[in-house]
Amino acid sequence: MTPAELLAALVDSIRSGAVRIIDLTQVLSPSFPQIALPPEFGQCWPFRIEEISHYDDRGPAWYWNNFSCGEHTGTHFDAPIHWISGRNLPNNSVDTIPVAHFFAAACVIDCHQQAAADPDYLLTVADIQAWEAVHGRIPARSWVLMRTDWSKRRDAEAYQNFDETGQHTPGPSAEAVRFLVEQRDVLGFGSEAIGTDAGQGYHLKPPYPCHYYMHGAGRYGLQCLTNLDLLPPTGSVLLTAPLKIERGSGSPLRVLALVAANSAAT
Amino acid sequence: MTMPLPPPRRKNPVLRTRQMNLPPSARTRVALGLTVCAARGRFALQRCAACGAIQYPPREVCRRCLATTLRWTAQDGHGQLLSSTRLHHANDLFFRERLPWRLGLVRLDSGPSLIVHLHTDVPEPPVRVRVSARLDRSGRAVLVGLPASEDCNLGDDPMLREMVCDPRYRKVLVTDGTTSVGQAIVRALVEAGAELVWVGQAEPWKRHGSGIDRLRELPQVSIVPLDLTNGRSVEALAGAIAGKVDIVVNNAEVHRTFGIAARRGLDAARAEMEVNYFGLLRLAQAFGPALKARSADGVASAVAWVNVLSVFALANFPAHGTFSASKAAAHSLAQCLRAELRTAGIRVVNVFPGPIDDEWNQNLPPPKVAPGALAAAIVQALRDGLEDVYPGDVAQEWLERWREDPSTLERELATGFER
């Protein structure tokens, strides 16, 4: 099959439904929570939207809005420059990352039962090896997505899951992140919670290991993903193009997954 | 004796809601001095610096010696009721809708004779009375004759209730229940007899501590989602409750403790403006029209809008420089709001506390205003019908110095950041 035939076949497959597109993106809404740091630190803006006009005196025939948000608001992409460990890497911001990296296969590791039992659940190397024993070795330069069903917590209070000791959301252990970067050469790590790191990730060594190791190695992050339960463990392909923000550390984006219809999870 | 006001009956929803006809509001520029004092709870008349004569009505030159130096001077208001009458007819719409209406002629011990709105509890003349200046629904000072001795139901007199903004039997929105100040305000309003208090909470997932959760134990309280940075949140709440809110207490604020050089970038300053200034604007656009539409809706009508500003709105406190600027912006907008809501008889109460005893003033030395004292001052201001309130020693002192000379105060504040 020539590349042209391949593309034509892909378009046909999408049209026929043989390849399905699954939206892994949360709605950008003012009611969707944002990451919260201690108040003395600078804060990421939540998504906000204001009408410019609504077929009214401000613009009689048209409706449009202005919106504002942080680079790390809603479903978003983390570039290596986001973390101090990736600050000096080449092509480390969203405007300079090679665009081919925005199209890659994904492996989905199902941790939803563990996360239901323990909101602080940390993905382990053993979990990854157990997954590989069933589904094969994680291909180099593919995304690893941690399915926790956390996105099914529609209520912001349950989604953020704060108590007096901070946030309690699942994420990867420091060892698992190092394994994925050093042993499996992954493209990046994706999660359903507000960050790629666990809510208590500040207390790991190093603090926020997923940010530290992934970005230090020039790899990426995806967070606030949804619908991971609709993806097969292997075989999906992600489209993850962030906005082309000059020296941007990240960006809200629409994450789309292509899956073969007969492989999609039900 | 005035009978205690019974709880108002439920409104008949098929009848038209009465609209406000304001009482006469024309005053000379000089006579606005009476209003300015009444707005702060003072009854003052002009006193001639040359001969000491007390003047009424307000005028440009002394009625006795023609000297031009007349100074507004606090009065105790004691006097003798010479005569009284009861109006049963009036061409002015405001009074026509509130008949009968009692008026009296009082000779003050300090000299002048004046016509006052007379409280029900004042006996027929001759009798001793206390004259007080109150703001009427048009936001102008009028004189009222009160019984010489206090009575617990004084405020239930229909005439006086028209002058003030008593929270009793009224439904109130407090925009932020997550702070100690917000919680104290809610409790004070409930104690003052508010029928319902809606309490705003932004970002409930931040788990603001047990203070707001304990408010839920009060049967009058209902916690509602409200984030002043989010126009859709403000509009959603207004859609749900604005038609029932009688008093808005906007206490939501962001307070950071930076000047210009102490913090790089705009994030903290913008967060302050987003709530303290734009938040007020969003709230006023969403709730203002509904309040205006119900300002004559019976004894529990819509009546007041309270802004918790800061005495730093008067002059910049450089240690909290961006906060001061945001409160100055809010103060300016509150003046606009006062002008707009006045046309419907809704009173805007601006509260200028000194430093509040909360986490963001942790590094400031006392005296600091306790949240409970601030809440009590707000409720008292509503009961007395005030417009400008300066709770706490620091605020009182700043006000005096600011009135003496704003430029001097500015320079004092710039030196060593002293209060």
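**Reading the model**

Guide: We begin with the contacts inside one chain. Among contacts in chain A of this predicted model that join residues at least 6 apart in sequence, 72% link residues at least 24 apart.

Visitor: How many helices and strands does chain A have?

Guide: Chain A contains 6 helices and 15 strands. Its radius of gyration is 19 Å, close to the 18 Å that the globule rule gives for 266 residues, so chain A is as compact as a globular protein of that length. The C-alpha trace of chain A spans about 65 × 55 × 40 Å along its principal axes.

Visitor: What percentage of the residues of chain A count as buried?

Guide: Burial is judged by counting neighbours: a residue is buried if 20 or more other C-beta atoms lie within 10 Å of its own. In chain A, 39% of the 266 residues count as buried.

Visitor: Is B:F287 buried or exposed?

Guide: B:F287 counts as buried, because it has 24 C-beta neighbours inside 10 Å. This residue lies in helix 8 of chain B, which covers residues 278–293. Leaving aside residues up to four places away in sequence, B:F287 touches B:A238, B:A242, B:V245 and B:V248. The C-alpha atoms of B:F287 and B:L237 are separated by 9.2 Å, and the two residues are 50 residues apart along the chain.

Visitor: How is a pair of packed helices to be described?

Guide: Two packed helices are described by the angle between their axes and the distance between the axes. In chain B, the axes of helix 7 (residues 267–276) and helix 8 come within 3 Å and cross at roughly 20°. Helix 7 of chain B is therefore roughly parallel to helix 8 of chain B, as angles under 35 degrees count as roughly parallel.

Visitor: Which residues of helix 7 of chain B meet helix 8 of chain B?

Guide: From helix 7 of chain B, the residues are B:M273, B:E274, B:V275 and B:N276; they meet B:F278, B:G279 and B:L280 in helix 8 of chain B. By class, this contact has 4 nonpolar, 2 polar and 1 charged residues.

Visitor: How many residues of chain A are in contact with chain B?

Guide: There are 12 residues of chain A in contact with 11 residues of chain B. On the chain A side, the elements that give two or more residues are strand 2 (48–56), helix 4 (156–160) and strand 8 (162–163). Helix 4 of chain A gives the most, with 3 residues. The residues of this side divide into 5 nonpolar, 3 polar and 4 charged.

Terms used. Residues numbered from 1 in each chain as written. Chains lettered and ligands numbered in written order. Predicted model: local features only at pLDDT ≥ 70, side-chain atom pairs only at ≥ 80, totals over all residues. Contact = placed C-beta atoms within 7 Å. Helix = DSSP H or I, 4+ residues; strand = E, 2+ residues; numbered from the N terminus. Nonpolar A, V, L, I, M, F, W, Y, C, P; charged D, E, K, R; others polar. Rg over C-alpha atoms; globule rule 2.2 N^0.38 Å. Buried ≥ 20, exposed ≤ 12 C-beta atoms within 10 Å, placed from the backbone. Axes fitted to C-alpha atoms, helices over the stretch in contact; angles between N-to-C directions. Parallel < 35°, antiparallel > 145°, perpendicular 65-115°, else oblique.
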